[in-house]
Amino acid sequence: MTCPAPLFRRRETTPVRCGDVLIGGNAPVSIQTMTKCDTRDVKATVKEIRQATALGAQIVRVAVVDKEAAQAIGVIRDRVLCPVVADIHFDYELALLSLDAGADKIRVNPGNLGGKEPLLKVAERARSTGAAIRLGINSGSLEKDILASYGSPTPEAMVESARRHLTYLEDCGIDSIVISLKSSRVKDTVNAYRLMAEHTKWPFHIGITEAGPGTSGIVKSAAGIGALIALGIGDTVRVSLTGPSYKEVEVAKRILQSMESRFFGPDIISCPTCGRTQVDVVSIANQVSHGLRGLSAPLKVAVMGCPVNGPGEAREADIGVACGRDGGILFSRGKVLGRVASDEIVPALVKLAQEYAKSPEGIK
Ligand code: SF4
């Protein structure tokens with residue numbers, strides 16, 4: 001099976017290289033995360049990065065809190081397979097040290113870096129080491145004059161900050177720029193990116209900052225990132241959760257797959273259950289999901305809770321099962337294929353998925 005084309009037309013952007021990953025242009029929307037451990041603890045940082053990349057992260061950012069952390073990037077970079085981004089606040093000299101240590105990209109927050117001169121020093125050094133630079137505008141740390149003029153960190157204020165610093169970089173011929181404009185409010189974030197998209201062709205790193213813990217953080221991220229992807233905006237994504245970095249990667253993958261921007265494996269369509277349900281649909285769906293791990297084909301697999309409405313409700317699924325008290329009815333695109341006993345439901349559906357992934361035409 002081949003992956004379908006993305007559902008939404010992407011905004012045209014100038015591609016930027018971050019290590020061996022392209023951001024923007026025709027490159028798929030890349031997935032990022034940020035480590036949560038102390039970057040000075042090289043062993044822990046390498047372990048966390050490897051865990052994130054094993055799950056699908058393509059770029060990982062680390063916090064640079066002092067010289068030791070900046071220098072650690074060199075050792076970390078040699079022990080992991082993905083590009084490493086140095087996250088800098090306030091101290092531009094830490095950005096220079098990180099770049100000298102081998103950072104593939106530098107994230108600066110123009111609102112706290114100290115103005116034009118330090119920004120240009122960082123950008124020039126990034127150019128000389130072949131690294132990209134991200135202007136990471138954050139609604140919580142806009143410049144004082146911009147805040148005074150807008151009264152609050154509105155989307156327009158964020159865009160003015162981004163455009164100001166972008167002009168500094170472009171006037172000096174810097175040509176590997178990524179931009180982000182993040183707020184913890186979905187509406188402000190979406191509007192800031194929409195406005196900024198009218199002014200530049202540089203790719204955007206998207207996400208909702210400080211989205212929060214658990215379900216609320218996941219839902220907020222999905223709402224914001226999903227809205228942006230639907231507008232064709234977003235070239236690399238980071239989900240910011242109050243939780244482990246691997247979770248950020250899992251959620252980013254789910255959001256991109258839900259938006260049909262990228263495909264990482266089968267989509268499980270399972271019914272919400274109701275008064276007609278006669279089996280444990282939650283358990284069956286989880287077992288099927290587990291059984292399909294490792295399958296990369298973008299097929300839709302349905303697990304329905306009754307044979308009355310199941311095959312019809314899941315007509316769009318490539319394959320599926322409608323479960324009843326006495327077993328399941330296997331179907332493909334609404335057509336019934338046959339019956340299986342209750343204890344055969346999960347293995348039969350997993351086998352069918354594997355066969356369908358190899359040859360959809362072979363399923364009769
Ligand atoms: S498929 Fe059957 S059990 Fe599931 S929600 Fe629909 S009617 Fe209810």
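**Notebook: loops, helices and the sheet**

I started with Gly212, which is partly exposed, with 17 other C-beta atoms within 10 Å. The model I am reading is predicted.

**Gly212, continued.** I placed Gly212 in the loop between strand E9 (205–206) and helix H9 (214–230). I then asked which residues Gly212 is in contact with, leaving aside its neighbours within four places in sequence. I found Gly217, Lys220 and Thr242. I also looked up Ser184: it is 28 residues from Gly212 in sequence, and the two C-alpha atoms are 8.9 Å apart.

**The sheet.** I traced an open sheet of eight strands with parallel pairing, in the order E8-E7-E6-E5-E4-E3-E10-E9. Strand E8 (177–182) and E9 are at the edges; each has a single partner strand, so one side of each lacks a neighbour in the sheet. I noted that helix H8 (residues 186–197) packs on the sheet and touches both E8 and E9. The direction of H8 makes about 145° with that of E8.

I looked at one pair further in. E3 and strand E4 (residues 59–63) run parallel and are joined by three bridges. Gln32 stands opposite Ile59 in E4.

**Helix H5.** I checked the length of H5 (residues 116–129): its 14 residues reach 20 Å from first C-alpha to last, close to the 20 Å expected at 1.5 Å a residue. Which residues of H5 are buried? I listed Leu119, Val122, Ala123 and Ala126. They lie on the same side of H5, because they cover an arc of only 100° around the axis. An α-helix has 3.6 residues a turn, so residues three or four places apart point the same way. On the other side of H5, I marked Glu117 and Ser128 as exposed.

I next looked for what the buried residues of H5 pack against, and found helix H3 (92–101), strand E6 (105–108), helix H4 (110–113), strand E7 (132–138) and helix H7 (155–171). Gly130 follows H5 and has a positive phi, near 80°.

**H3 against H5.** I found that the axes of H3 and H5 come within 9 Å and cross at roughly 0°. That makes the two helices roughly parallel, because angles under 35 degrees count as such. On the H3 side the contact is made by Tyr92, Ala95, Leu96 and Leu99. On the H5 side I noted Pro118, Lys121, Val122, Arg125, Ala126 and Thr129.

**Helix H10.** I made the length check on H10 (residues 245–258) too: 14 residues should span 20 Å at 1.5 Å a residue, and the end C-alpha atoms are 20 Å apart, which agrees. The buried residues I recorded in H10 are Ser245, Glu248, Val249, Glu250, Val251, Ala252, Lys253, Ile255 and Leu256. Their cover includes strand E3 (30–34), helix H1 (42–55), H9 and strand E10 (236–238). Just after H10, Glu260 takes a positive phi of about 55°.

**Positive phi in loops.** Most residues other than glycine have a negative phi. I noted Phe90, which is not a glycine and has a positive phi of about 70°. Phe90 is in the loop between strand E5 (84–88) and H3, and counts as partly exposed with 13 C-beta neighbours inside 10 Å. Thr273, not a glycine either, has a positive phi of about 70°. I found Thr273 in the loop between strand E11 (267–270) and helix H11 (281–291). With 16 C-beta neighbours inside 10 Å, Thr273 counts as partly exposed.

Methods:
Residues are numbered from 1 along each chain as its sequence is written. This is a predicted model: local features need pLDDT of at least 70, side-chain atom pairs count only at pLDDT 80 or more; totals for chains, interfaces and linings use all residues. Helices (H or I, at least four residues) and strands (E, at least two) are DSSP runs, numbered from the N terminus. The expected span of a helix is 1.5 Å times one less than its number of residues. A residue is buried if 20 or more other C-beta atoms lie within 10 Å of its own, exposed if 12 or fewer, and partly exposed in between; C-beta atoms are placed from the backbone. The arc is that of the directions from the helix axis to the C-beta atoms. Two residues are in contact if their C-beta atoms, placed from the backbone, lie within 7 Å. Two strands pair if DSSP finds at least two bridges between them. Axes are lines fitted to C-alpha atoms, for helices over the stretch in contact, and angles run from 0 to 180 degrees between N-to-C directions. Angles under 35 degrees count as roughly parallel, over 145 as roughly antiparallel, 65 to 115 as roughly perpendicular and the rest as oblique.
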